[in-house]
4 protein chains.
Amino acid sequence: MEYIFELPFKVRDYECDIQGIVNNAVYQNYLEHTRHEFLEHVGLNFAKMHDEGIDAVVIRVEIDYKSPLKSGDRFVCKVNVAREGNLKFVFLQDIYRLPDMKLIVKGKVTAVTINAQTGRPVAPRELVDVFDQYVG
Amino acid sequence: MEYIFELPFKVRDYECDIQGIVNNAVYQNYLEHTRHEFLEHVGLNFAKMHDEGIDAVVIRVEIDYKSPLKSGDRFVCKVNVAREGNLKFVFLQDIYRLPDMKLIVKGKVTAVTINAQTGRPVAPRELVDVFDQYVG
Amino acid sequence: MEYIFELPFKVRDYECDIQGIVNNAVYQNYLEHTRHEFLEHVGLNFAKMHDEGIDAVVIRVEIDYKSPLKSGDRFVCKVNVAREGNLKFVFLQDIYRLPDMKLIVKGKVTAVTINAQTGRPVAPRELVDVFDQYVG
Amino acid sequence: MEYIFELPFKVRDYECDIQGIVNNAVYQNYLEHTRHEFLEHVGLNFAKMHDEGIDAVVIRVEIDYKSPLKSGDRFVCKVNVAREGNLKFVFLQDIYRLPDMKLIVKGKVTAVTINAQTGRPVAPRELVDVFDQYVG
């Protein structure tokens, strides 16, 4: 798979649990932070969308844990995007250990954007344009 | 679905994020804590299994986010179990808000047990027995 | 010391770190949750205070770590209150392991309330009354 | 104050709470990660010390919260060290927002090293040498 964005990290000791490896839930923190940095990178203004009454909501997360990260490990979180139907925006996010690029986690995060007042899904032009640019 | 174990919780404010709702990653904390309490409840001794060289590892998590929890909400995490093939142990874990039992999250967590030395999957009698008892 | 409120907890495994004990930062989570439950218990309405333009802000935390909590431990967080000058509201919060009541943590959390617009400290009647009742 | 080590960070959205600012407990995560990176930087080998039966333990934390960090903020955590008596190792850790260097947090973290078997404080040569070098 080709990726369109990536963010490097280093494991922090407080993210590790009794087994001495990064706790499973912490990978969702990594994925979320990477998505937000990606969206900032492509100029998506969620504050502005929020002011216009549109909120982004994660509706499904799938994570395959391939190998654990340990204290001191460096890694990179890579992102690609896809669409499902007209209303679902999908982030494909994989984590690789550095420098050997061993696959750690494969993630798929599905979001929708809703009209904050009606709760109904909408597909804001701003977001569609970004996804169309990369989905090709 | 019938459930075989449940654990009540109350949202803690530090678990909520900028949107004023529980952060997506925190639900994995709730699911993990509930699994561990369930396993303790049925007498599964992971420390003992670990001493015998067997480790439990989560290999896949799927979470559907149906509705958010907010500051002050009470909720319950319910558990059922299933098996896939001989080697995968599946936890079906759903979260409902109290007292109205609104569905918040549907989770499916797949674990395997491995021989800590060889890294090869094993199906320890102790765990199989517990699952067989409930899977029927 | 006498206490005016207490809240029971059980350690969750994801709160423990590589050393197999609860991470130092997590005790601040326990202290915060207990403060918020105490304030709810005495009927302090922070949402209402916030709507009236008054925000509570922690300005100093002191924690003495006496003994660690481990996976599976039950404990209780106890609260007393004090005032320093006219404008500082102090929470004295100690954590004891259950059932042997071994002292785990001694905490002192100092907060002020500020006018959200001017940023200047204020002493809202509502909060003063609660503290006066207990400080005696 | 002069500092002997510093580490840059960026706030991650999941670290912010309902008020839209970094939660008070999260600053302890920042301080801990910076200490561990500092200790790695000066070549202190805690794994080796642990193998020799010596464990480092935080016994007291003091944090003054001067101003909050918000979503998107960049900041730097700076470190100095001091000793108290023969047995206490003190980390003075201050956080400044970037790029305006506004003071965010002043922290003081006191640790001791203990013989893991007897629980008695010890002052390992390795650690004393590092501190002496900087304390002057």
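How many residues of chain A are in contact with residues of chain C? Nine residues of chain A are in contact, and they meet nine residues of chain C. The model is predicted.

**Chains A and C**
- The side of chain A that touches chain C has four nonpolar residues, three polar residues and two charged residues.

**Chains A and B**
- This contact takes 13 residues from chain A and 13 residues from chain B.
- On the side of chain B that touches chain A, helix 1 (26-41) and strand 2 (54-65) each supply at least two residues.
- Strand 2 of chain B gives the most to that side, with eight residues.
- By class, the side of chain B that touches chain A divides into six nonpolar, three polar and four charged residues.
- Strand 2 (residues 54-65) of chain A pairs with strand 2 of chain B. The sense is antiparallel, over five bridges.
- R60(A) has D64(B), in strand 2 of chain B, as its bridge partner.

**Helix 1 of chain C**
- Helix 1 (residues 26-41) of chain C has 16 residues. From its first C-alpha to its last it reaches 23 Å, close to the 22 Å expected at 1.5 Å a residue.
- Its buried residues include V26(C), Y27(C), Y30(C), L31(C) and F38(C). Also buried are Q28(C), N29(C), E32(C), T34(C) and R35(C).
- Within chain C, the buried residues of helix 1 pack against strand 1 (5-10), strand 2 (54-65), strand 3 (74-84), strand 4 (88-98) and strand 5 (103-115). They also pack against helix 1 (26-41) of chain D.
- G43(C) follows helix 1 of chain C, and its phi is positive, near 80 degrees.

**C16(A)**
- C16(A) lies in the loop between strand 1 (5-10) and helix 1 (26-41) of chain A.
- C16(A) counts as buried because it has 24 C-beta neighbours inside 10 Å, and the cut-off for buried is 20 or more.
- C16(A) and K70(A) are 54 residues apart in sequence. Their C-alpha atoms are 7.2 Å apart in space.
- Leaving aside neighbours within four places in sequence, C16(A) is in contact with V11(A), I21(A), V22(A), N23(A) and S71(A) in chain A. From chain C, D17(C) and I18(C) are also in contact with C16(A).

Note on methods
Residues are numbered from 1 along each chain as its sequence is written. Chains are lettered from A and ligands numbered from 1 in the order in which they are written. This is a predicted model: local features need pLDDT of at least 70, side-chain atom pairs count only at pLDDT 80 or more; totals for chains, interfaces and linings use all residues. Two residues are in contact if their C-beta atoms, placed from the backbone, lie within 7 Å. Helices (H or I, at least four residues) and strands (E, at least two) are DSSP runs, numbered from the N terminus. Ala, Val, Leu, Ile, Met, Phe, Trp, Tyr, Cys and Pro count as nonpolar, Asp, Glu, Lys and Arg as charged, and the others, Gly among them, as polar. Two strands pair if DSSP finds at least two bridges between them. The expected span of a helix is 1.5 Å times one less than its number of residues. A residue is buried if 20 or more other C-beta atoms lie within 10 Å of its own, exposed if 12 or fewer, and partly exposed in between; C-beta atoms are placed from the backbone.
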